[in-house]
Amino acid sequence: MIDLHNIRKDFPILESGQLAYLDSSNTSLTPLQVTQAMDAYYHQYNANIHRAVYPIAERATEEYENAREKLRAFIGAESVQELVFTRNATEAINLVARTWGTKNLGEGDLVVLSIMEHHSNIVPWQMLQVEKKFQIHFVSLTEEGRLDMSDLKKVLESGRVKLVALSHKSNVLGVENPVQTIVQLAHEVGAKVLLDGSQAVPHLPVDVREIGSDFYAFTGHKMCGPTGIGVLYAKRKLLEAMPPFLGGGEMIRTVETSGSTWNDLPYKFEAGTQNIAGAIGLGAAVDYLQRLDMKNIQKYEQQLLQLALQKLQQVKGLRIFGPLDTKERGAAVSFELKGIHPHDLATILGERGVCVRAGHHCAMPLMKHLQVPATTRMSLYFYNTEEEIDRLIRGIEEARRLFS
Amino acid sequence: MSNIYLDNIIDLYKNPLNAGQLDQASVSYRAYNPLCGDEVTVDLLIEDDTIIDVRQRGNGCAISQASISLLTEEVKGKSLDEVMAIRPNEVVEMLGIELSPVRLKCALLGLEALHQAIGKYMNNLKSQ
C-alpha cells in the first residue's frame, strides 16, 4: 500500500499544494531522507574517500561503499565490483562505448539501436562509428509504438551484430521492452546487450541477473536520488577485459614515469575524487524506495496510469502516442493536442502549477518517426495523486478554450 | 487568465499575416530551433536595398508564429539596414508580453530568420 498522506510529507516541494508535478520521467522529486543523508556527509564526516586514515575519512569511505552495496542488492548484481559510479546514464553509456566499444567494434560489425532511443544511447555510438566504421541499425516500431521484434530478429540473423543497445523503457512512449527475450536472442548470436534502465529502475523491480544483460546503465536523479550520480553495471569478466575510461587518481595501482598499472574493479573506472555525497544520497534513495517496496510503487503507478489514460482519451482533439492500455507500459504518456503547440500547452499548464515536459524529449529520431516536431508528456511517480491528474485535465481543457 | 496568451497572440497564431511564399523571392531563409522544433521560413523580395515584399511560413508555438507575423508587417518597405537594426527588445515590445528566457527564444526566431536572410542576400551579392 502506498500511504500518500505520509509520503507527500517527505517532499517539502509539495508542501504548499501549489505544484502538480507530472514530470518525473525528466527528473524525480527528492525526499528529505536523501537530502538529509547528503547533509550528514557534508556536516558530519566531510572527508575524501579511499585515502586518509583518520576516523571521518574512514566513515566517508564506508558510507560511499555502503551505497554501492545498496545499489548492488537493489538491482540484483552478483558483486559490488560490477557496479561503477558514473555521473549519469549518459556517462555510463559513453564509458562502455569508449572502452568496450573501442576494443571490440570495427568494420563490418553491426550495432543495433532502436528508433525509440534517447539521444544518450544514440550519439555515443555515432561518435565511435566515425572512428571504428561499424554500421548502426535502428530497429523500427510497431503501429502501437512497441519495439518491432521481427525487425530485431531479422537483423540478428545477419550474424554481424556485436552489440544490441536498447532502452529498458521508453522515456517518450512509456513502453517496456521485453528485455529478457531480447537478451536471449542477442546471446544466441553472440552479441552483447546494453540496456538503458533510466526509466525502468525507478518504477519497477529490476534484477540484472534475471534479465541477463551484459551492461545496464541508469541515472540517480530519476529515482529520488540527487543529480550528478549514475551507475554502470557490467558483468565482471567484461569489466576486467575493458581498458580504463578516464585516467587519473584512484583508478591506478602504480604510477611510474615509464607507465602505470590499473586498480582493481570497480575503481579502475572511477578516476578522480568521486561524487561522494551523490552516491550516499543515491544510497538513501534506494533505502527509501525499498521501504515503499518497488512492487507497491509499480502497482500504484499502474492504477494512476489507467486513470490518466482514460481521462486523457476523453479530451477532444487529444491523441496519445504509444499503447493505450497499461500492459507492459510505464506511467509516461506523450500526446498532442490539435491546434496547440506542445510548448504553448506546457506554458499554460505551467501557469497553473502543472509541470509537464514539452519538446522532443531527447528523442529526435522518434519524433521524426511519429511525424511531429514535439510532444507534450506527463509522467507519474508514486507521490502523484488522482487530484493532480484532474488538475492536468482541467488545465488542458482551459488551454483548448483559450485557443478555440 | 494567461499572462502571455493574449487574444492578439492567439489570433495571429490562427490567422498569420503574410503567410505563404514568394515565387520571385530575392532570398529565402529557414530558421530552426532544435530545442522545441519551432521553424520559420521567410522569403524576401528586395529592390534597391529595400524590402518590397515578404512572406513567411512556419511551424511552431504561438509565440514564434505570432512574432514572425508582426515582424513581416514591420519590415515591409524598410531598408535592409533598418531591419538589421531591429533589436530583440523591440520584438518583445511588439508582442506586448513578458517572456521567460526560454520562451524569448521562441519570440526571436522570426527576427533571426530575417537577419540571416539579409546576411545571406548580402553574401550572395558579394560573391556575384
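Visitor: Where is the place of Met149(A)?

Guide: Met149(A) sits in helix H6 of chain A, residues 149-157. Helices (H or I, at least four residues) and strands (E, at least two) are DSSP runs, numbered from the N terminus. This is a predicted model, in which local features need pLDDT of at least 70 and side-chain atom pairs count only at pLDDT 80 or more, while totals for chains, interfaces and linings use all residues. Residues are numbered from 1 along each chain as its sequence is written, and chains are lettered from A and ligands numbered from 1 in the order in which they are written.

Visitor: Why is Met149(A) called partly exposed?

Guide: A residue is buried if 20 or more other C-beta atoms, placed from the backbone, lie within 10 Å of its own, exposed if 12 or fewer, and partly exposed in between. Met149(A) has 15 other C-beta atoms within 10 Å, so it is partly exposed.

Visitor: And why does His361(A) count as buried?

Guide: His361(A) has 23 C-beta neighbours inside 10 Å, so it counts as buried. This residue lies in the loop between strand E14 (357-359) and H13 of chain A.

Visitor: What makes Asn18(B) partly exposed?

Guide: Asn18(B) has 19 C-beta neighbours inside 10 Å, and therefore counts as partly exposed. You can find Asn18(B) in the loop between helix H1 (7-14) and strand E1 (27-33) of chain B. Asn18(B) too has a positive phi, near 50 degrees.

Visitor: What makes E2 and E4 of chain A edge strands?

Guide: Strand E2 (83-86) and strand E4 (135-139) of chain A each pair on one side only. Two strands pair if DSSP finds at least two bridges between them. The open sheet has 7 strands in the order E2-E8-E7-E6-E5-E3-E4 of chain A, with mixed pairing.

Visitor: How do you know that E7 and E8 of chain A are paired?

Guide: Pairing requires at least two bridges, and 5 bridges join strand E7 (residues 215-219) to strand E8 (residues 230-234) of chain A, which run antiparallel. Ala217(A) stands opposite Leu232(A) in E8(A).

Visitor: Which residues does Leu232(A) touch, not counting those up to four places away in sequence?

Guide: Among them are Val84(A), Phe215(A) and Ala217(A). Residues are in contact if their C-beta atoms, placed from the backbone, lie within 7 Å.

Visitor: Which residues touch the most other members of the largest nonpolar core?

Guide: Of its 154 residues, Val164(A), Leu232(A) and Ile280(A) touch the most other members. A nonpolar core is a set of buried Ala, Val, Leu, Ile, Met, Phe, Trp, Tyr and Cys residues joined through C-beta atoms within 7 Å. Helix H10 (residues 276-292) of chain A gives the most to this core, with 10 residues.

Visitor: How many residues are in contact between chain B and chain A?

Guide: 14 residues of chain B are in contact with 12 residues of chain A. The side of chain B that touches chain A has 8 nonpolar, 5 polar and 1 charged. Here Ala, Val, Leu, Ile, Met, Phe, Trp, Tyr, Cys and Pro count as nonpolar, Asp, Glu, Lys and Arg as charged, and the others, Gly among them, as polar.

Visitor: Which peptide bond is cis, with omega near -5 degrees?

Guide: That is the bond from Leu265(A) to Pro266(A). Pro266(A) lies in the loop between strand E10 (259-262) and H10 of chain A.

Conventions. Contact = placed C-beta atoms within 7 Å.
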